[in-house]
Amino acid sequence: PGIADAELERDLERSLLSIYYTLSADAPPASFMKQLEHPRVSGVLDTMLTPKQLPPWLTREDLAYYVEQYRMSGFRGPLNWYRNIPTNNSITPELESKRFTQPAAFVAGAADDVLLYDPNWRATFPKAFDNLRFIELVEGAGHWVQMEKPKETTALILRFLQGL
């Protein structure tokens with residue numbers, strides 16, 4: 001704790017732009033996963049790509065807004081969420097093997113590197129739901145599907161809601 005926070009807070013605009021770009025469909029495929037090829041002593045930004053220009057789905061105004069929010073709050077809170085995943089799992093053993101019972105849908109960008117964490121996710125994921133209405137992968141979107149393809153994402157949300 002503190003090391004990644006300081007690195008990311010040193011240049012907020014570069015950090016956010018690199019994170020957004022590297023996890024987007026605009027970056028070369030599996031760019032985020034390439035961090036596994038870097039030495040463990042690498043900084044997080046050493047594993048990210050920084051584009052020369054903004055991706056078409058990210059305006060200068062939006063980026064400035066995000067930078068200002070992180071200027072006020074920093075990266076500690078967001079990073080602590082990831083740091084605490086093991087703790088959260090250990091203090092909620094009653095959730096192990098529980099199923100989602102409410103109606104649900106899953107929407108992700110087809111180029112979302114997070115889907116690469118588990119190559120069998122499409123077979124195992126639905127087993128956690130009693131009422132999974134659909135799984136849709138949006139072409140031309142990465143991890144930020146709602147930002148990269150807002151019209152398509154909204155249409156899928158409305159499709160889910162209309163089916164309730």
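At what angle do helix H1 and helix H2 pack, and how far apart are their axes? In this predicted model, in which residues are numbered from 1 along each chain as its sequence is written, local features need pLDDT of at least 70, side-chain atom pairs count only at pLDDT 80 or more, and totals for chains, interfaces and linings use all residues. Side-chain values use heavy atoms, with hydrogens and water left out.

Helix H1 (residues 3-10) packs against helix H2 (residues 12-22) at an angle of about 105°, and their axes are 5 Å apart; axes are lines fitted to C-alpha atoms, for helices over the stretch in contact, and angles run from 0 to 180 degrees between N-to-C directions. Helices are DSSP runs (H or I, at least four residues) numbered from the N terminus. H1 is therefore roughly perpendicular to H2 (65 to 115 degrees). Glu7, Leu8, Glu9 and Arg10 of H1 meet Leu12, Ser15 and Ile19 of H2 in this contact (heavy atoms within 4.5 Å).

Thr22, which lies in helix H2, is buried, with a relative accessible area of 2% (buried means under 20%, with a 1.4 Å probe and protein chains only). A polar atom of the Thr22 side chain lies 2.7 Å from the backbone oxygen of Ser18, and a polar atom of that side chain lies 2.8 Å from the backbone nitrogen of Leu49. When neighbours within four places in sequence are left aside, Thr22 is in contact with Ala27, Ser31, Phe32, Met48 and Leu49.

Just after H3, Gly74 adopts a positive phi of about 75°.

Key. Helices (H or I, at least four residues) and strands (E, at least two) are DSSP runs, numbered from the N terminus. Angles under 35 degrees count as roughly parallel, over 145 as roughly antiparallel, 65 to 115 as roughly perpendicular and the rest as oblique. Buried means under 20% relative accessible area, exposed over 50%, partly exposed in between (1.4 Å probe, protein chains only). A polar contact is a pair of N or O atoms within 3.5 Å; within protein, one must be able to donate a hydrogen and the other to accept it, and residues adjacent in sequence count only if both atoms are side-chain atoms.
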